[in-house]
Amino acid sequence: MTPVVRGVSLLFSGLFAGFLLCVLVLENSLRGYGASVYTQVRLVELDSLDKLASVTLIPAIVTTVVLAIRARGNDRRLVLIGVALLVVVFATTLAVNLPINSDQAGWAVASPPADWASVRDRWQLAHLGRTVAALLAFGMLVGSAVRGQRTPAAARRSTMRSWETA
């Protein structure tokens, strides 16, 4: 069961990290535009991207926690670091990004609030932090998977050498 859980954890954490990276690139592109363009694009983003975030982040966290419970040794440390980073992503999302998303959903394209740029900057800074954390979490999980693949092979070679010397 562990290989399946590992695969699902990698799938969802990778999809989520990739999704956040794409949003980061889009948001960075918007920095050169004015308030009404930014507001219009944000309203389009808010239409469905929160749903995509939920259907990728929640399974990533759940399967990574299950993987951490099942993992052993050094593999477990990497997975636990991945879990901690995903929790940072979740906490940042709840504390910063979602409240701003709720406020922005009520913005009017024709008349964004006067402080729209500072709100944008706060959202984008939090998003940068959670993107970096999600990418690092994915990296930890990939490292754990690679390490897990190498360990059994090394154990087999060691066992084979024991047989040859006996």
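This is a predicted model: local features need pLDDT of at least 70, side-chain atom pairs count only at pLDDT 80 or more; totals for chains, interfaces and linings use all residues.

Visitor: Okay, so are Arg 6 and Asp 75 buried or exposed?

Guide: Both Arg 6 and Asp 75 are buried. They also form a salt bridge with each other, with the closest N and O atoms 2.9 Å apart.

Visitor: Where do those two sit?

Guide: Arg 6 is in helix H1 and Asp 75 is in helix H3, so the pair ties together parts that are 69 residues apart in sequence.

Visitor: Let me back up. What's the secondary structure of the chain?

Guide: Four helices and zero strands. Reading from the N terminus, the elements go α-α-α-α.

Visitor: And how much of the chain is buried?

Guide: Buried residues account for 34% of the 166 residues. The accessible surface of the chain is about 9,300 Å², and 68% of that belongs to carbon and sulfur atoms.

Visitor: Tell me about H1. What span should it have, going by its residues?

Guide: H1 covers residues 2-30, and at 1.5 Å a residue its 29 residues should span 42 Å. The end C-alpha atoms are 42 Å apart, so that agrees.

Visitor: Which H1 residues are buried?

Guide: There's a list of them, including Val 5, Ser 9, Ser 13, Phe 16, Ala 17, Phe 19, Leu 20 and Val 23. Arg 6 and Glu 27 are on that list too.

Visitor: Which residues have the most contacts inside the largest nonpolar core?

Guide: Phe 16, Phe 19, Leu 57, Leu 86, Val 89 and Ala 134, in a core of 23 residues. H1, H2 (35-70), H3 (73-104) and H4 each supply at least two residues of this core. There's also a second, separate core of six residues, with Val 5, Leu 67, Val 79 and Leu 141 among them.

Visitor: Zoom in on Phe 19. What does it touch?

Guide: Not counting residues up to four places away in sequence, Phe 19 touches Leu 49, Leu 52 and Ala 53. Phe 19 lies in helix H1, and it counts as buried because its relative accessibility is 13%. The C-alpha atoms of Phe 19 and Thr 131 are separated by 9.0 Å, although the two are 112 residues apart along the chain.

Visitor: And Ala 134, what is it in contact with?

Guide: Phe 16, Ala 17, Leu 20 and Val 89, leaving aside neighbours within four places in sequence.

Visitor: Back to charges. How many salt bridges does a search of the whole structure find?

Guide: Five. Besides the Arg 6 pair with Asp 75, there's one between the side chains of Asp 121 and Arg 31, at 2.9 Å from N to O. That pair links distant parts of the chain, with Asp 121 in helix H4 and Arg 31 in the loop between H1 and H2, 90 residues apart.

Visitor: New topic: which residues make the nonpolar surface patch?

Guide: Leu 125, Leu 128, Val 132 and Leu 136 make a patch of about 360 Å². Val 132 sits in helix H4, which covers residues 116-165, and Val 132 is partly exposed with a relative accessible area of 41%.

Visitor: Last one. Where is Ala 105?

Guide: Ala 105 is in the loop between H3 and H4. Leaving aside neighbours within four places in sequence, Ala 105 is in contact with Leu 43 and Leu 46.

Notes:
Residues are numbered from 1 along each chain as its sequence is written. Side-chain values use heavy atoms; hydrogens and water are left out. Patches are made of residues with over 30% relative accessible area and no salt bridge: like charges are joined within 9 Å, nonpolar side chains (Val, Leu, Ile, Met, Phe, Trp, Tyr) within 5 Å. Accessible areas come from the Shrake-Rupley method with a 1.4 Å probe; for residues, only the protein chains shown count as cover. A salt bridge is a side-chain nitrogen of Lys or Arg within 4 Å of a carboxyl oxygen of Asp or Glu. Buried means under 20% relative accessible area, exposed over 50%, partly exposed in between (1.4 Å probe, protein chains only). The expected span of a helix is 1.5 Å times one less than its number of residues. A nonpolar core is a set of buried Ala, Val, Leu, Ile, Met, Phe, Trp, Tyr and Cys residues joined through side-chain atoms within 4.5 Å. Contact means heavy atoms within 4.5 Å.
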